[in-house]
Amino acid sequence: MPKLPVSLSPVGREQLVVMAAGVVDEVVETLYQRHPEWESQYGAWGRDYCREDLTYHLEYVRACIETGYSDPFREYARWLASVLEGKGIPASHLVESFELLARAWASRLAPQDYALVDAVLWTGMVALEEPGEYQPSFYRHLTASDPAAPTLCAALIAGDRGTARRMIFEPIEQGTELVDVGVGLIQPAMYEIGRLWQVSKVSIAQEHLATAISESLMAQAFASAEFAPPVRRKALFSCVEGNHHDLGLRMVSDAFEIKGWEVQFLGADTPTRSLLEQIDRFRPDLVGLSISMPSQVSTGREVIQSIRSDGGAGRPSVLIGGLALNQLDSLWRDLDADLWGANAREALREAHT
Ligand code: B12
């Protein structure tokens, strides 16, 4: 994956934050001058939604520059185009927004900083010209899915806990390890729920229902699992601050605990300072961090740097994972982690468990 040639200057980095609101207001005005019909089409809240979307685009641009790659913006553009399509909004609005954002930054940033912002926005515009259906790059790390995954997906969406329970427990009773049921069955079912939400075929409530059922059945299966004898190794697992996706991390954490590790699981969105304090208190051999979106990558980098600088010789190894890493295979090295696991099974392998 080609890296962006240079990073932002400190001034450019500050300008991207401080000037964002002005840029967004300018682009909203231009868009509404060009499309007066939007006033009646999108109503009183139209400008607010437009402002919100443009702000989100810019946050993504910033996040991409922080990761050092423009490719996540390519994915973002394709993803957003499919979300908008599901709501009946054409992708051409997106191209126009990216163009206007680029133009608005041209007069505000130093040429070298502008070149970076322009390169990222340009990647998005080019992506929107790509033919075919959008397939997120993180799908390549899905292991061969259990053929029952679509049925589990339907049961989770319908809130049919009984069927979901049977489907998860049957393979376990036949000797499949919980981690493999998680990776091969629950994970693809949840990915499909995400895809259906993306194209407006599943509501947020249905996605919450599916997540809640999966979490509770995983907890039930964990409670009745056969645990390996203690291996005298300690692991602490947490989502970085800002990451609310903790179900995948739970799979990883449970897998380590079943293999005899002493585990602490901190769950979603742990504030960085508090996470570092807990690492200090627990003194694990391994810290597992989950990062799901490009906007969380710089927080992950900060946590890893702090662990490296504070830990001395006895510092824990850092294992990272999550969708943001599965989108860009080289990113874990850039973040200076010790290990990366694309799924819970691989995480065990990487940690020689
Ligand atoms: C459920 C869900 C949520 C729930 C999460 C609840 C919870 N308790 O986890 C809630 C409602 C909070 C949520 C919020 C959002 N979500 Co969401 N969400 C999902 C969904 C449908 C399922 C997530 C999941 O459980 N997957 C199944 C698990 C098992 O897979 P996994 O997370 O990849 O984990 C595996 C590996 O990645 C790896 N791994 C993960 N962590 C770690 C850590 C370590 C140390 C290691 C080694 C490995 C590892 O191992 C895991 C097990 O094998 C996904 C769809 C998807 N494709 O995942 C969207 C999805 C991730 N969400 C998405 C979005 C856009 C959002 C929101 C921005 C929506 C919004 N507008 O608010 C917010 C952002 C929240 C935030 N700041 O983090 C997009 C992301 C698009 C992208 N490519 O960037 C997705 C892909 C949906 C979609 N198709 O559009 N979401």
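1. A residue is taken as near a molecule or strand if its C-beta atom, placed from the backbone, lies within 6 Å of it. On that basis 39 residues surround the ligand, and the closest are Gly 194, Gly 248, Gly 288, Gly 321 and Gly 341.

2. The model is predicted, so that local features need pLDDT of at least 70 and side-chain atom pairs count only at pLDDT 80 or more, while totals for chains, interfaces and linings use all residues. Residues are numbered from 1 along each chain as its sequence is written.

3. The domain assignment, which is automatic or comes from a database, divides the chain into domain 1 (10-127), domain 2 (137-223) and domain 3 (234-350). The C-alpha centres of domain 1 and domain 2 lie 34 Å apart. Between these two domains, 6 residues of domain 1 are in contact with 4 residues of domain 2, contact being counted when the C-beta atoms of two residues, placed from the backbone, lie within 7 Å. The side of domain 1 that touches domain 2 has 2 nonpolar, 2 polar and 2 charged residues, where Ala, Val, Leu, Ile, Met, Phe, Trp, Tyr, Cys and Pro count as nonpolar, Asp, Glu, Lys and Arg as charged, and the others, Gly among them, as polar.

4. Returning to the ligand, its shell draws at least three residues from each of domain 2 and domain 3. The elements that each supply at least two residues of this shell include α5 (71-86), α10 (178-198), α11 (204-223), β3 (286-290) and β4 (317-321); helices (H or I, at least four residues) and strands (E, at least two) are DSSP runs, numbered from the N terminus. The largest share, 9 residues, comes from α10. By class, the shell around the ligand holds 18 nonpolar, 17 polar and 4 charged residues.

5. Helix α10 also packs on helix α8 (residues 149-158), at an angle of about 60 degrees and with the axes 8 Å apart; axes are lines fitted to C-alpha atoms, for helices over the stretch in contact, and angles run from 0 to 180 degrees between N-to-C directions. The two helices α8 and α10 are therefore oblique to each other, given that angles under 35 degrees count as roughly parallel, over 145 as roughly antiparallel, 65 to 115 as roughly perpendicular and the rest as oblique. In this contact Ala 149, Pro 150, Leu 152, Cys 153, Leu 156 and Ile 157 of α8 meet Leu 185, Pro 188, Ala 189, Glu 192 and Ile 193 of α10, which amounts to 10 nonpolar, no polar and 1 charged residues.

6. Helix α2 (residues 20-34) and helix α4 (residues 46-67) pack at an angle of about 130 degrees, with their axes 9 Å apart, and are therefore oblique to each other. The residues making the contact include Val 24, Val 28 and Leu 31 of α2 and Cys 50, Leu 54 and Leu 58 of α4. The contact of α2 with α4 comprises 9 nonpolar, 1 polar and 2 charged residues.

7. Helix α4 packs on helix α7 (residues 111-127) as well, at an angle of about 110 degrees and with the axes 10 Å apart, and α4 and α7 are therefore roughly perpendicular to each other. Here Val 61, Cys 64 and Ile 65 of α4 touch Leu 116, Val 117, Val 120 and Leu 121 of α7, a contact with 7 nonpolar, no polar and no charged residues.
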